[in-house]
Amino acid sequence: MNTSPDGKTGPSTWPALAGTALRVAFGVIWAVSAALTWTASFADHYVGYLHNAATGQPAWSAWWFQMWIALVTPHVGLFVWATRIAETLLALALLLGFARKITYVAGILFSLLIWSTAEGFGGPYSVGANNIGAAISFVLIFAALIVINLRAGPSPYSLDYLIESRWSGWRRFSEWNTRVPLEQVPHLSWRVQAPALAGVLLLVALLLAGLHSALNVRSASPAAAAAAVTPLSLASTEPVKQARDARLPPLQPGDSVDVHITSSDETVEIASGVQYQAWTFGKSVPGPVIHVRQGQTVNVTLTNRGTMQHSIDFHSAITPPSLHYVDIMPGESINFSFVAKVPGAFLYHCGTPPVLLHIGNGMYGAIIVDPAEPLPPAAESYVLVQGEWYTQQVAGTLMAGNYEKMQQIRPDEVVFNGTAFQYVQHPLTAKPGELVRLYVVNAGPNLWSAFHVIGAIFDKVYPGGNPAQAIDGVSTYTVGPGEGAVFDLTLNEAGHYPFVDHSMAHAVLGAQGILEIATPGEALAKPQVTKAPADANAAPPPAAATGPYTFDPAHGAQLYGTYCAACHQPTGLGLPGAFPPLKGNPAVLNADPAKQLDVILHGLHGEAIDGVSYSSAMPPFAATLNDADIADIANHERTSWGNQAKQVTAEQVKAVRDAGK
């Protein structure tokens, strides 16, 4: 309470001021929420919110959710508009301080309705990581506003106050405390009110600044965080210490071959320094390569040392699955035999449902069946098993499988022999003029492979089990999930010949390696690159900027879109593994712009950024853009995507340009 000069007491000014600040801030949150309801996405997914909320509810409350689903689904348009109007009116009432008594009660009821139906009408940002949900918090805030109003009485910072001063009966709709006369409501001086208003405006600015992330960032749940991290984003810049030996193992003599395979849970390396909790055959992914001859009997013993049921399915066998491809429990074994009747490169894998999960977790390998009449002898024979990893982070650099990604076919890596890029860092080798044979098996579980060796055309491709059906004149050949093919090639000139899945998105995710053709002891030749003669029809060099420089944001955005956005993306987030992000980039944020300007002017390649290497080169623009253009691009980068760095001038660009000549 405040004491006046005559000794009388009246209500304190601070509860009213605090209540007003809370109400306005809360109104801004509701205004953002209301704005989201007017988007097309909200209307499109309205029923989906209901179904999402119904998932996993306890039995005692399931009927409530199902009732709302049944009620809303036939009349979704009506409910969409009702929600939009209700949230908009609540936001306006909170911001203006209108009919607060009714507003606070309506807000409590509406918030409870949100919680009991869709818990997400407030926008994708509204559900917290603790899973309590925004609506329950909203109820508590509305209750707090009621308590403050009971304590403070009328608020001079509201539309209600203006209406009450002209019509006292309005207090029935606006005030919980009607005992305090309007003439006793204290007013703070502007010396106090001004900082309070400034604080409210600052809060509004922060909320509006965060609207973009509210619309684009998933809720901060542990599951969302784990799924957002990819193995390639965690991979070390150092190469894997040792690549898997891809050489084809030798044949075993005799009419039969004994194959003992153990299934077990193991941690395997899927990128440099990144581990995965895999289900394996033979403690590796892929499992051991089995090499037999057409006509040999393969005696299989599978022992399950894992923690769940497993089985094994040979694509090279003609045998009853109901007898041999059956599930066995941990600690059990199964024995069966089949005759390798058909030659070729085949997959073997776990066939326990869901098969997608078992293959996706690493349970696959290759079996190579040589034809009875051998193929032409090869100097080097390698086995490449293509597979996919669908991951979520467990902790640090340890990953586990993500079944949702497997179902949606959103791999984090596509690999040869289990580990991304391992044969880029540790090439397969052969000598010039030697016949190289590549056995390529695609384990999938989902993606087709377009196998290609850059700089080569295959001598022969054996697509199936009949060597007489080999094809030639092929540079790229498709191997579907579960298929295998044999590729012969002879390369007479020394050099590096990359092999890739020519579905380039797969190559970027790790499905690439290098076949190094070289004579031992001889260095590889270096490329001969010379300066091209001047082009008489080329555009003239950029004219020098004239007059004092002033940053033109529109021109900077246009130049960035023309020269930079394809690689660094309109969002400034770059392309993982190819082009670095500019958002939050140390060179872009540095008050000294020399590094940023030097890269734009003269290009960059091979330099790690924050410990991460990017494979693609940044081209130079010194000969294409003048100093003012370069400054506009640099300043666009320095003032976009949340970057807040000191702007540069055309004179600074000129100094860096001259220093680099």
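A nonpolar core is a set of buried Ala, Val, Leu, Ile, Met, Phe, Trp, Tyr and Cys residues joined through side-chain atoms within 4.5 Å. The model shown is a predicted one.

**Exercise 1. The nonpolar cores**

Task: Determine how many residues the largest nonpolar core has, and which of them have the most contacts inside it.

Solution. 
Step 1. The largest nonpolar core has 54 residues. Within this core, the most contacts belong to Ile261, Phe314 and Ile367.
Step 2. Strand β3, residues 256-271, supplies the largest share of this core, namely six residues.
Step 3. Consider Phe314, with neighbours within four places in sequence left aside. Its contacts include Ile261 and Ile367, and also Ile290, Val300, Tyr325 and Phe336.
Step 4. Another core, of 29 residues, lies apart from the largest one. Among its members are Leu384, Tyr423, Phe458 and Ile517.

**Exercise 2. Salt bridges and exposure**

Task: State how many salt bridges the structure holds, and decide whether Lys405 is buried or exposed.

Solution. 
Step 1. There are seven salt bridges in the structure.
Step 2. One of the pairs joins Lys405 to Asp412, with 3.0 Å between the closest N and O atoms.
Step 3. Buried means under 20% relative accessible area. Lys405 has a relative accessible area of 2% and is therefore buried. Asp412, at 8%, is buried as well.
Step 4. Arg247 and Asp245 also meet in a salt bridge, at 2.8 Å from N to O. Exposed means over 50%. Arg247 has 51% relative accessibility, so this residue counts as exposed, whereas Asp245, at 48%, counts as partly exposed.
Step 5. Lys460 and Asp472 meet in a salt bridge through their side chains, at 4.0 Å from N to O. This pair links distant parts of the chain, 12 residues apart: Lys460 belongs to strand β18 (residues 460-462), and Asp472 to the loop between β18 and β19. Lys460 is partly exposed, at 33% relative accessibility.

**Exercise 3. A sheet of five strands**

Task: Give the order of the strands in the open sheet of five strands, and identify which are the edge strands.

Solution. 
Step 1. The order is β15-β22-β21-β17-β19, and the pairing is mixed.
Step 2. The edge strands, each pairing on one side only, are β15 (428-430) and β19.
Step 3. On average, neighbouring strands of this sheet are turned by 20° against each other, direction ignored.
Step 4. Strand β17, residues 449-453, pairs with β19 in the antiparallel sense over four bridges. Ser449 stands opposite Val479 in β19.
Step 5. Strand β21 (residues 495-501) contains Phe499, which is buried at 1% relative accessibility. Not counting residues up to four places away in sequence, Phe499 touches residues including Leu384, Tyr423, Phe451 and Gly513. The C-alpha atoms of Phe499 and Gly513 are 5.3 Å apart in space, although these residues are 14 apart in sequence.

**Exercise 4. The surroundings of a helix**

Task: Identify which residues of helix α22 are buried, and what these buried residues pack against.

Solution. 
Step 1. In helix α22, residues 594-602, the buried residues are Gln596, Leu597, Val599, Ile600 and Leu601.
Step 2. These buried residues pack against α21 (586-589), α23 (627-639) and α24 (650-659).
Step 3. Gly603 follows α22 and has a positive phi, near 80°.

Note on methods:
Residues numbered from 1 in each chain as written. Predicted model: local features only at pLDDT ≥ 70, side-chain atom pairs only at ≥ 80, totals over all residues. Heavy atoms only, no water. Buried < 20%, exposed > 50% of the residue type's maximum accessible area, 1.4 Å probe, protein only. Helix = DSSP H or I, 4+ residues; strand = E, 2+ residues; numbered from the N terminus. Contact = heavy atoms within 4.5 Å. Pairing = 2+ DSSP bridges. Axes fitted to C-alpha atoms, helices over the stretch in contact; angles between N-to-C directions.
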